[in-house]
Amino acid sequence: MKKTIRIHLADDHKVLIDGMRTLLNSIPNFNVVGFSLKGTELYEEVSNNATDILVLDISMPEKDGIEVLREFAKKGFPCKVIVLSTYDDVKVIQEVMKLGASGYLTKQCAGEHIVEAIQVVNTGEEYFSNQVRETIFNSATKKNPKLNKTTISNEYQLSGREIEIITLIALEYSGKEISEKLFISANTVETHRKNILKKLNAKNTISLVKFALKNNLINP
């Protein structure tokens, strides 16, 4: 029997909470154990009800999602956090992931992806919806004066192609998907991946996700 995943919902719209609670409670081994309409006291609330995953609206009143994440980061995360936002702004995505969120969904696609996001995050992985993945990738790979590829190359010994591949790996694209997107063979992708791991002294894909976000290889 699967362990029950205890979920807390935080959003200032009660109608949205009611709809999401009905959906999630219909999933085997999901249990919505609480909800909040404002950001204050969230740390205590999720700690007291032994929450596994907090679904957090970024635009909470009194204390917004960013402030909540900063409090969690300072005190120690009592649970994993999936952020919901009306926007797919790459600056906001970067900020919440740097602060320790485990997932990010836009509200437009939350109904379609929230179950999968909770399941993935509960295993210890990070989750981005396809829309968010595309937003980050497009921002990172477009010509952008803020992204100094010469500096990155000198500091980390990464080529422009390797930067593209790190971004796609971090966004959970498979080797086949990367090869199709960049018009290179799957073998070439694998060779790049091995070289990147060696150059960055990274152990696995999770390390690349954290590297891409926290070292600003993905720039707004």
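Two residues are in contact when heavy atoms of theirs lie within 4.5 Å. By this criterion, and leaving aside its neighbours within four places in sequence, H192 is in contact with R161, E162, I165 and I184. The structure is a predicted model, in which local features need pLDDT of at least 70 and side-chain atom pairs count only at pLDDT 80 or more, while totals for chains, interfaces and linings use all residues. Residues are numbered from 1 along each chain as its sequence is written, and side-chain values use heavy atoms, with hydrogens and water left out.

**Overall composition**

- The chain holds eleven helices and six strands; these are DSSP runs numbered from the N terminus, with helices (H or I) of at least four residues and strands (E) of at least two.
- Of the 220 residues of the chain, 47% count as buried; buried means under 20% relative accessible area, exposed means over 50%, and partly exposed lies in between, with a 1.4 Å probe and protein chains only.
- Among contacts between residues at least 6 apart in sequence, 64% join residues at least 24 apart.

**The sheet**

- Strands of a sheet pair through backbone hydrogen bonds, either parallel or antiparallel.
- Here six strands form an open sheet in the order β2-β1-β3-β4-β5-β6, with parallel pairing; two strands count as paired if DSSP finds at least two bridges between them.
- The edge strands are β2 (30–36) and β6 (127–128), each of which pairs on one side only.
- Six bridges link β1 and β2 in the parallel sense, and the bridge partner of H8 in β2 is G34.
- Strand β1 (residues 5–10) runs parallel to β3 and is joined to it by four bridges, with A10 standing opposite L56 in β3.

**Strand β3 and the cores**

- In a regular strand the side chains alternate between the two faces of the sheet.
- Strand β3 (residues 53–57) is mostly covered, since five of its five residues are buried.
- The largest nonpolar core has 46 residues, of which L54, L56, V96 and L200 touch the most other members; a nonpolar core is a set of buried Ala, Val, Leu, Ile, Met, Phe, Trp, Tyr and Cys residues joined through side-chain atoms within 4.5 Å.
- Helix α8 (residues 160–170) gives the most to this core, with six residues.
- Apart from this core lies another, of 22 residues, including I7, L9, V32 and Y127.
- Leaving aside neighbours within four places in sequence, L56 is in contact with residues including A10, L42, G65 and V83.

**Helices around the sheet**

- Helix α1 lies across β1, β2, β3 and β4, and runs at about 165° to β2; axes are lines fitted to C-alpha atoms, for helices over the stretch in contact, and angles run from 0 to 180 degrees between N-to-C directions.
- Helix α3 (residues 65–75) packs on the sheet and touches β3 and β4, its direction making about 145° with that of β3.
- Helix α1 (residues 14–25) also packs with helix α5 (residues 107–122) at an angle of about 35°, with their axes 11 Å apart.
- The contact is made by L16, M20, L23 and L24 of α1 and by K107, G111, I114, V115 and I118 of α5.

**Helices α8 and α10**

- Nine of the eleven residues of α8 are buried, so this helix is largely enclosed by the rest of the structure; E162, I165 and A170 are among them.
- H192 lies in helix α10 (residues 186–200) and counts as buried because its relative accessibility is 19%.

**Residues with a positive phi**

- A50, in the loop between α2 (42–48) and β3, has a positive phi of about 55° although it is not a glycine.
- The relative accessibility of A50 is 44%, so A50 counts as partly exposed.
- N201, in the loop between α10 and α11 (205–214), is likewise a residue other than glycine with a positive phi, near 55°.
- N201 counts as exposed because its relative accessibility is 70%.
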